[in-house]
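Here is a short note for a colleague opening this structure for the first time. Please keep the view at hand while reading the points.

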Amino acid sequence: MDIQVGDILKMKKQHPCGSSEWKVLRVGADFRLKCMGCGHQIMIARRQAEKNIKAIVERVGGISEKPLADHSRLCYDKDS
Ligand SMILES: [Zn+2]
């Protein structure tokens, strides 16, 4: 399954807070996911995450790098 940073995933298992939607903060050997209900963050092995994904609810289309670049530039300008 093709998961990208910024995707909102619907998982088979619900978080104790009642939400089953997670935002992808980081992908790699492990995924970093943030609960859309309570903001709790977890690290989960890619294989385990993929097994638990029910659907991709929302995807930020084709702008995977731009927001990050803009943000770091803003921070840079602020510091200088
Ligand atoms: Zn939660």
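1. Start with I56. I56 is partly exposed, because 15 other C-beta atoms lie within 10 Å. The scale is as follows: a residue is buried if 20 or more other C-beta atoms lie within 10 Å of its own, exposed if 12 or fewer, and partly exposed in between, with C-beta atoms placed from the backbone. I56 sits in strand 5. Leaving out neighbours within four places in sequence, I56 is in contact with D7 and L9. Contact here means that the C-beta atoms of two residues, placed from the backbone, lie within 7 Å. I56 and K23 are 33 residues apart in sequence, yet 9.8 Å apart in space, C-alpha to C-alpha.

2. A word on the model. This is a predicted model, where local features need pLDDT of at least 70, side-chain atom pairs count only at pLDDT 80 or more, and totals for chains, interfaces and linings use all residues. Residues are numbered from 1 along each chain as its sequence is written. The term pLDDT is the predictor's confidence in each residue, from 0 to 100. The chain averages a pLDDT of 83, and 75% of the residues score at least 70. Over residues 63–75 pLDDT stays under 50. For that stretch the model has 3 contacts beyond four places in sequence.

3. The overall layout. The chain has 2 helices and 5 strands. Along the sequence they follow the pattern β-β-β-β-α-β-α. Helices (H or I, at least four residues) and strands (E, at least two) are DSSP runs, numbered from the N terminus. Of the 80 residues, 9% count as buried. Take the contacts between residues at least 6 apart in sequence: 33% of them join residues at least 24 apart.

4. What is the order of the strands in the open sheet? The order is 4-3-2-1-5, with antiparallel pairing. The edge strands are strand 4 (41–45) and strand 5 (53–58), and each pairs on one side only. From one strand to the next, the twist averages 40°. That angle runs on a scale from 0 to 180 degrees between N-to-C directions, with axes as lines fitted to C-alpha atoms (for helices, over the stretch in contact). Two strands pair if DSSP finds at least two bridges between them. Strands of a sheet pair through backbone hydrogen bonds, either parallel or antiparallel.

5. Strands 1, 2 and 3. Strand 1 (residues 8–11) and strand 2 (residues 21–26) run antiparallel and are joined by 3 bridges. Here L9 stands opposite W22 of strand 2. Strand 2 also pairs with strand 3 in the antiparallel sense, over 4 bridges. A hairpin of 3 residues joins these two strands. V24 stands opposite L33 in strand 3.

6. Strands 3 and 4. Strand 3 (residues 30–35) runs antiparallel to strand 4, with 5 bridges between them. R32 has M43 as its bridge partner in strand 4. L33 stands opposite I42 in strand 4. The hairpin of strand 3 and strand 4 has 5 residues between the strands. Within this hairpin, G39 takes a positive phi near 85°.

7. The core. Which residues make up the largest nonpolar core? They are L9, W22, V24, F31, L33, C35 and A49, 7 residues in all. Strand 2 and strand 3 are the elements that give two or more residues to this core. Strand 3 gives the most, with 3 residues. A nonpolar core is a set of buried Ala, Val, Leu, Ile, Met, Phe, Trp, Tyr and Cys residues joined through C-beta atoms within 7 Å. V24 is worth a look: beyond four places in sequence, V24 touches I3, Q4, V5, G6, D7, L9, F31 and L33.

8. Back to strand 5. I53 lies in this strand. I53 counts as partly exposed because it has 16 C-beta neighbours inside 10 Å. Not counting residues up to four places away in sequence, I53 touches M1, L9 and M11. I53 and S20 are 33 residues apart in sequence and 9.8 Å apart in space, C-alpha to C-alpha.

9. K13 is in the loop between strand 1 and strand 2. Is K13 buried or exposed? K13 is exposed, because 7 other C-beta atoms lie within 10 Å. K13 and N52 are 39 residues apart in sequence and 7.0 Å apart in space, C-alpha to C-alpha.
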